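Try each task before you read its solution.

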Amino acid sequence: MKEHHINLTTPEIAGLWKTYMQNTSNLCVFKHFEPYIQDYEIKPLVIEQINLLQKFTAKIIEIFSDENFPVPQGFSDQDINLSAPALYTDLYGLSYVYRFNQMVFSDYAVTITKVARADIVEFFYECLNLSGALFKKALNLMLSKGIYDRPPKMPYPHQVEFIKKRDSLIETWFGEHRPLNAMELGEIFYIIERNYIGMLMLMGFIQVMQDREIKDYLLKGKDLAEKQIDIFNKILKDEEHLGNMPVSMEVTDSTVSPFSDKLIMFLVSTSVTAGIYLCAYAMSLSFRKDLAFHYAALMVEISRYGEEGMKLMIERGWMEQPPESFDRAAFQH
């Protein structure tokens, strides 16, 4: 009996398309890191990351080809200048392996909850497991090298307690000040960490960027990342917690860009999208008025910055269109 073919659903198409764009863009970054990394512990992780991204990309091409679905253009070796000098240090290469897998690990987990076709579920489970294993290796290596700044600690409570008063939303936002709880402290730490890694990425891009319009845009992004670091470090210090001061993982002195301007703008764009989502998530876990205010204000600012970047990419013909449904309304007039 012939097995009935099941077409891809929209979440499956979206997950595969997004993963392809994400993986091909970051594959370019890791291919730039690999030849210059000297550290014998870091280099194998970067090579493993390249192999994983190539494996996942090949599988997506196979799935799309079998479905007669257009394979996205994404990014390729045409977007890398492999003769350009190293733009980042070995330690930044390690932190990028850590950060990239931290980001895609949550993406894969969410995607798995939205897909149903057996081969697609299996694919994203494999992505989740292999990326999770590499994330763990990067985290352990950062700890061993002393470049992972641990999240804030707090005294253990002596007993289980319950909230005695259920405040309204207005009271929650404008009520009495109270100490930060464990969830709020954790999210503040990770927002500072993510922005620090992102700021260093932008410093490298700014240093090699020749296009004045794009350079100005990247400078705005760096200022926005610094602003978030300053805001949340101040909150930690005001609560008498030590601010998050990661060990410096510096950019080199190279002024030759290893990446195409299109790739740089795409990498910044995906960071902006992640920033909006992560601020919203952190806000959903916060009950203090000052945190809610900062998250809400930053989401507006990040969204405006992202919109400016998207406009710039569209004007230059760099914005690849995600798969769209058939526009039936256009044929009703």
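**Exercise 1.** Find what the UniProt annotation "transmembrane region" covers, and describe the chain there.

*Solution.* Step one: the unreviewed UniProt entry puts this annotation on residues 263-283 (such annotations may be inferred rather than shown by experiment). Step two: over residues 263-283 the chain is 100% helix and 0% strand. Helices here are DSSP runs of H or I with at least four residues, strands are E runs of at least two, and both are numbered from the N terminus. Step three: the end C-alpha atoms of this stretch are 30 Å apart.

Before going on, note that this is a predicted model, where local features need pLDDT of at least 70 and side-chain atom pairs count only at pLDDT 80 or more, while totals for chains, interfaces and linings use all residues. Residues are numbered from 1 along each chain as its sequence is written, and side-chain values use heavy atoms, leaving out hydrogens and water.

**Exercise 2.** Work out which element has the lowest mean pLDDT and which the highest.

*Solution.* Start with the scale: pLDDT is the predictor's confidence in each residue, from 0 to 100. The protein's mean is 88, and 88% of its residues reach 70 or more.

**Exercise 3.** Describe how α6 and α7 pack.

*Solution.* Two packed helices are described by the angle and the distance between their axes. The axes of α6 (residues 182-208) and α7 (residues 212-238) come within 9 Å and cross at roughly 155°. (Axes are lines fitted to C-alpha atoms, for helices over the stretch in contact, with angles from 0 to 180 degrees between N-to-C directions.) So α6 and α7 are roughly antiparallel, a label for angles over 145 degrees. Their crossing is left-handed: the near helix is turned anticlockwise from the far one by less than a right angle.

Conventions: Angles under 35 degrees count as roughly parallel, over 145 as roughly antiparallel, 65 to 115 as roughly perpendicular and the rest as oblique.
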